[in-house]
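Keep the sequence and the 3D view open as you read.

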Number of protein chains: 2
Amino acid sequence: MASRYPVPELQTFITTALASCGVPSDAAATTATRMLDADLRGVGGHGILRLPGYVNRVRAGGYNLRPDIRVVRQTPVSALVDGDNGLGQVVMTEAARIAIDKATANGLAWVGVRGSNHAGAGGVYAAMAPGHDLIGIYLAIGNANHMPPWGGLDMLLSTNPIAVAIPADEEPPLVLDMATTQVSYGRVKVAADRHETMPEGWMVDRRGSPLTDPTRSNEGFLVPIGGYKGYGLNLVIGALAGLLNGAALGSEVVDFNQDFETPTNTGHALIVVRPDLFQPLEEFKAAMDRHIRELKSSTPMPGQPPIRVPGDQTPQRIADMRQHGIPIADGTVRRLADLAGELSIADHPFAGHSGTS
Amino acid sequence: MASRYPVPELQTFITTALASCGVPSDAAATTATRMLDADLRGVGGHGILRLPGYVNRVRAGGYNLRPDIRVVRQTPVSALVDGDNGLGQVVMTEAARIAIDKATANGLAWVGVRGSNHAGAGGVYAAMAPGHDLIGIYLAIGNANHMPPWGGLDMLLSTNPIAVAIPADEEPPLVLDMATTQVSYGRVKVAADRHETMPEGWMVDRRGSPLTDPTRSNEGFLVPIGGYKGYGLNLVIGALAGLLNGAALGSEVVDFNQDFETPTNTGHALIVVRPDLFQPLEEFKAAMDRHIRELKSSTPMPGQPPIRVPGDQTPQRIADMRQHGIPIADGTVRRLADLAGELSIADHPFAGHSGTS
């Protein structure tokens, strides 16, 4: 069960909650915006659901609340950003700005980030590029190891997501946002919140048998897409988003669900490219429209719905949620109401612990 | 069953076969080298197995044998290469040289290619980068559509591979080379050659049921890794390697297994980055060694072999094949012997139609 809450009320609540723990108001507002961007894009596992965890980390002193986010190396087409252990959403917002500025000026940019923290949904950052007529590719280290190397038992790998956003003309941008595991750990959390059983193939236990109870997720690990292929993809994302930037990888990764104090030294990378390096922008965008339309008008399997393209329903979803509110599962609502109580926030949208409907 | 053939004899045979059909000797030699690079890397589905198909296309006039391979747009960090319908291996070898030169000079390079043809194993091109202390990321459009959009029936998508190569210090480079389908069509061909049954999950028929007979591969389509995730990854690779460069995509893709005459307008992309944009090279390479060793020394599941990392066995495999020859399946040997007969090549390694052992 879920209820819907207006976006501005949620924005105010998140900002107030973070600010009440000492986060400067501009950083709190940026974090709130990026978290709700995730909810609005349909990636609820990286949205307001995460607030209690972030607040725990803030209160435990795990973040630097006054970080000096700075470029420590750069060329006209690259930068290494040190997030100085700031809130991940704030660090990545700054890194994305730098990448977009450099790519706009010089055609191409690769911005690496270290010293960051969990930044939410990768699609949020990749999708900033199409608004500037740019292509964005985002890579990140997940913030807890839930997967061993292929055929192994030691949990050395995270979900290491990739997100790619490509502008079109009249069609919405093509936006892929995926973990290299069959599902993200966020989806496991949502399933637990909804008291759902997970399908086989999402997780296995330490003997390789299917694990379907999301409340037992700490007894097993996530499964990579395509078996050893997803393992390989996970490794290269880990090397490019983490190791290349001097961020944590492998046994260095801090489980931010368990440890709220140790700096996570999270790594991200954002690669941005200007399509007109290769052809006139308008021709490229028109070709994207034609390609997307060819896919969407192609024949579905008997009894199946029309063909979809990643991101094609996002503008409608965002418009719907801005009009009717963001749906939040009841388990999450209760935790947010509890959080409001803990933080002595009297005026909040979750009074009664059960939402507005 | 397979027999082994010395690399120099295969190099001479491929070069002779292509030259006998009118391919200039330097282009023939480059093509032979890249094809055998694929065999040496263990990607037999893109190696000498492909020679009869290439010769068919050469003899049918499907290639431009005297192409003007040229840069049509460029910046200090990018180039669009038009292959002028030359042999794919020759076009990609030139594109890789340009990308490596630009990345060496300016730190980063994104080289797009159009007007190319099937270039073999992506890992061959990505793996050129670590030899120059660079990271390489290769994307390509496959040369035949074997997959519909997720949930659909119309074969609009190819296997669209990605290959990534990352240098280490004492450890071999990490080299991932994968199709975004559960298997490449090349592996289906190898299974057919070896008279093997395919496991369920490689292909499905037009009703979505498993297809396990590789000789019936034209009655079905390949399955993407991770279901809709692999479909999304396939789309973004298609857009970046194909559409962005003005190369063929979707219904424009020419099935080079069926049509030997129509120019394929194949697209590739190679992104190359210098690790020292982000940290000193030696520190990066040492960190890669530590990461690879941590993975490889981690605990396997009970009864499983030691943990592997993509590319870790490649140097040994190459050394073994250079010493003892490249193994070629008997079905392929017979086709190569037939090809030698057709081309009136008297002195070839496949006399007797059954190899050397």
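V204 of chain A stands opposite F221 of chain A, a residue of strand β10(A). This is a predicted model. Strand β8 of chain A covers residues 203–205, and three bridges join β8(A) to β10(A). These two strands run antiparallel.

Now widen the view to the sheet. It is an open sheet of three strands in chain A, in the order β9-β8-β10. The pairing is antiparallel. Strands of a sheet pair through backbone hydrogen bonds. Which strands of chain A stand at the edges? They are β9(A) and β10(A). Each has a single partner strand, so one side of each is left without a neighbour in the sheet.

| Strand of chain A | Residues |
|---|---|
| β8(A) | 203–205 |
| β9(A) | 210–211 |
| β10(A) | 220–222 |

Next come two helices of chain A. Helix α3(A) spans residues 51–59, and helix α10(A) spans residues 330–342. Their axes come within 10 Å. They cross at roughly 30°. Which residues make the contact? On α3(A) they are L51(A), P52(A) and V55(A). On α10(A) they are R335(A), L336(A) and L339(A). By class, the contact has five nonpolar residues, one charged residue and no polar ones.

Step back to the domains. Chain A is divided into two of them. Domain 1 takes in 1–59 and 325–357, while domain 2 takes in 63–181 and 224–324. How far apart are the centres of domain 1 and domain 2 of chain A? Taken over C-alpha atoms, 23 Å separate them. The contact takes 24 residues from domain 1 of chain A and 20 residues from domain 2 of chain A.

Look at the side of domain 1 of chain A that touches domain 2 of chain A. Helices α2(A), residues 25–40, and α3(A) each supply at least two residues of this side. Helix α2(A) gives the most, with eight residues. The residues of this side of domain 1 divide into 10 nonpolar, eight polar and six charged.

Last, compare the chains. Two copies of a chain are related by a rotation about an axis and a shift along it. Here a rotation of 180° with 0.0 Å of shift along its axis superposes chain A on chain B. The RMSD is 0.0 Å. The two copies are thus related as by a two-fold rotation axis. The same surface serves both copies. Of the contact residues of chain A, 100% recur in chain B.

Notes: Residues numbered from 1 in each chain as written. Chains lettered and ligands numbered in written order. Predicted model: local features only at pLDDT ≥ 70, side-chain atom pairs only at ≥ 80, totals over all residues. Axes fitted to C-alpha atoms, helices over the stretch in contact; angles between N-to-C directions. Helix = DSSP H or I, 4+ residues; strand = E, 2+ residues; numbered from the N terminus. Contact = placed C-beta atoms within 7 Å. Nonpolar A, V, L, I, M, F, W, Y, C, P; charged D, E, K, R; others polar. Domains from an automatic or database assignment. Least-squares fit on C-alpha atoms with pLDDT ≥ 70 in both. Pairing = 2+ DSSP bridges.
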